[in-house]
Amino acid sequence: MLDLQKAFDLVWHRGLLYKMEQLGLRGNILQFTADFLSNRSIQVRIGTALSNSYQLQNGTPQGSVISPFLFIIMINDVDEATNGVKLSLYAGDSATWKTGSNLKEIIKEVQRYLDRLAMFFEQWGFKLSSGKTVAIVFTRNKNCRADDINLTICGKIIKVEKTVIFDRELTWRRT
């Protein structure tokens, strides 16, 4: 399970407009989006004290109906999974997985894809949260332990949250 830190807040404006052009979006829609994202600033008030105003170079407005659509454009060209590895994306949360009988081969292929995903997200200004990214193993192998799983993201070890052992009766009990 992968988590993008502040996914909507980190949408890179210039990168988004570039990707829109690559999709063939031009004219009014491109200009509307550029205007929609430009000249946005933030300022903080604590009691009567007011901070300086800062121009935003990244991010889409919270609560805007168009923000999820703009985010989807940013991740639409994410590297395709290969060698049986699958990817499911939902906003800033996603999952990648592979099924098979050879755990070492599964780990190797998933790690290759995690490395490619990390490069993609870094290239487009997103940050994967190593603290919120976790692994879950579903297996029938009673001897499988969390220590058998060694995956990393951005150079940090991914915590193995659980190892779920399927028994013949599918009771979901840990053995």
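**Note on the predicted model**

1. A compact globule of 175 residues would have a radius of gyration near 16 Å, whereas the protein chain here has 20 Å. That radius is taken over C-alpha atoms, and the globule rule is 2.2 Å times the number of residues to the power 0.38. The C-alpha atoms fill a box of roughly 60 × 45 × 30 Å along the principal axes.

2. This is a predicted model: local features need pLDDT of at least 70, side-chain atom pairs count only at pLDDT 80 or more, and totals for chains, interfaces and linings use all residues. Residues are numbered from 1 along each chain as its sequence is written, and side-chain values use heavy atoms, with hydrogens and water left out.

3. The protein chain has 4 helices and 12 strands. Both are DSSP runs numbered from the N terminus: helices are H or I with at least four residues, strands are E with at least two.

4. Of the 175 residues, 36% are buried. Buried means under 20% relative accessible area, exposed means over 50%, and partly exposed lies in between (1.4 Å probe, protein chains only).

5. Start with helix α1, residues 13-22. Its buried residues are His13, Gly15, Leu16, Leu17, Lys19 and Met20. They pack against α2 (28-37), α3 (67-75) and α4 (103-123). Contact here means heavy atoms within 4.5 Å. After α1 comes glycine 24, with a positive phi near 90°.

6. Now the sheet. It is open, with 4 strands in the order β6-β7-β1-β8, and the pairing is antiparallel. β6 and β8 (127-128) are the edge strands, each pairing on one side only. Two strands pair if DSSP finds at least two bridges between them. Strands β1 (residues 2-5) and β7 (residues 93-97) are joined by 2 bridges. In one of these strands, β7, serine 94 is the bridge partner of leucine 2.

7. Helix α4 lies across β1, β6, β7 and β8, at about 150° to β7. Axes are lines fitted to C-alpha atoms, for helices over the stretch in contact; angles run from 0 to 180 degrees between N-to-C directions.

8. Is threonine 82 buried or partly exposed? It is partly exposed, with a relative accessible area of 40%. Threonine 82 sits in the loop between α3 and β6 (86-90). Its side chain makes a polar contact of 3.5 Å with that of arginine 116. A polar contact is a pair of N or O atoms within 3.5 Å; within protein, one must be able to donate a hydrogen and the other to accept it, and residues adjacent in sequence count only if both atoms are side-chain atoms.
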